[in-house]
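Please open the model in your viewer and follow the stops below in order.

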Amino acid sequence: MPQQYILVEREEPIATAIINRPDKLNALNWDLIAELAAELEKLDADDAIGCIVLTGAGDRAFAAGADIAEMSDASTMRMATGSFENWDRIRRIHKPIIAAVGGFALGGGNELAMHADIIIASEKAKFGQPEIQLGIMPGAGGTQRLAHTVGKYKAMEMCLTGDQFTAQDMLAAGLVNKVVPEGQHLDAAKEMARKIASRGPLAARMTKEAILMAFETPLQVGLQYEKRLFAMLFSTEDQKEGMRAFMEKRKAEFKGR
């Protein structure tokens, strides 16, 4: 299927996936999410790419929400079945993803940003879950990921009022990692992506996996899982190279093996 909604720019060892509907404020529809999942999977399988940046085209929005025109006449069965498996495909990407948010990240846009592992926002960015203003509620993780990230009370405020919140609000709440001057969010995200991509790729993958497991298991189960992944890394060439380079006071050359 030819690319319609997603542009991919490669700057090895990083790549940037761009939601390309600026005339619609990068609103998300089913086909867009399917295309994004497919492009992210390609990058995930590419050994030349160590970290992925996700952003929106233009300076007005990361993604201003779901495409309401597509949803307005949808049936219950359509929404219950739909294409939510494509959101799950995005969730299962192994490589670190950094969301570079400029402008609006509302509704599905905020939910998509929360599928990333790190969020860097422009000082002009706005976040929110405004679905309640349409008589519905978040449906792609907005209640669950938000509550895990910002806590019960902030999640309740965001989802029950539908209000928009600044990047500074979300930095204080723990949703955003860093706020940068207007127009610098993509450069800042790429800078961090290059740093992450310079680390051991197997260690990065397992670190992401272990941290995500912390949200899905009791503490003791998570600790055991972490211990197994930690031990597994001692069977890799990257572990030997990383520790040898440290002792020899030189930069490690990781191979992902």
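How many residues does helix α11 have, and how far does α11 reach from its first C-alpha to its last? Select residues 219–232: α11 has 14 residues and reaches 20 Å, close to the 20 Å expected at 1.5 Å a residue (the expected span is 1.5 Å times one less than the number of residues). Helices here are DSSP runs of H or I with at least four residues, numbered from the N terminus. The model is predicted: local features need pLDDT of at least 70 and side-chain atom pairs pLDDT 80 or more, whereas totals for chains, interfaces and linings use all residues. Residues are numbered from 1 along each chain as its sequence is written, and side-chain values use heavy atoms, leaving out hydrogens and water.

Next, select Gly 222, Tyr 225 and Leu 229, which are buried in α11 (buried is under 20% relative accessible area, exposed over 50%, partly exposed in between, with a 1.4 Å probe and protein chains only). They lie on the same side of α11 because they cover an arc of only 60° around the axis, taken from the directions from the helix axis to the C-beta atoms. The buried residues of α11 pack against α10 (201–213), with contact meaning heavy atoms within 4.5 Å. On the other side of α11, the exposed residues include Lys 227, Arg 228 and Phe 230.

Then move to helix α12 (residues 237–247) and select Met 243. Met 243 is partly exposed, at 43% relative accessible area.

Finally, select Leu 43 in helix α1 (residues 30–44). Leu 43 is buried, at 5% relative accessibility. Beyond residues up to four places away in sequence, Leu 43 touches Val 8, Arg 10, Ala 15, Ile 49, Ile 52 and Lys 95.

Methods: Helix = DSSP H or I, 4+ residues; strand = E, 2+ residues; numbered from the N terminus.
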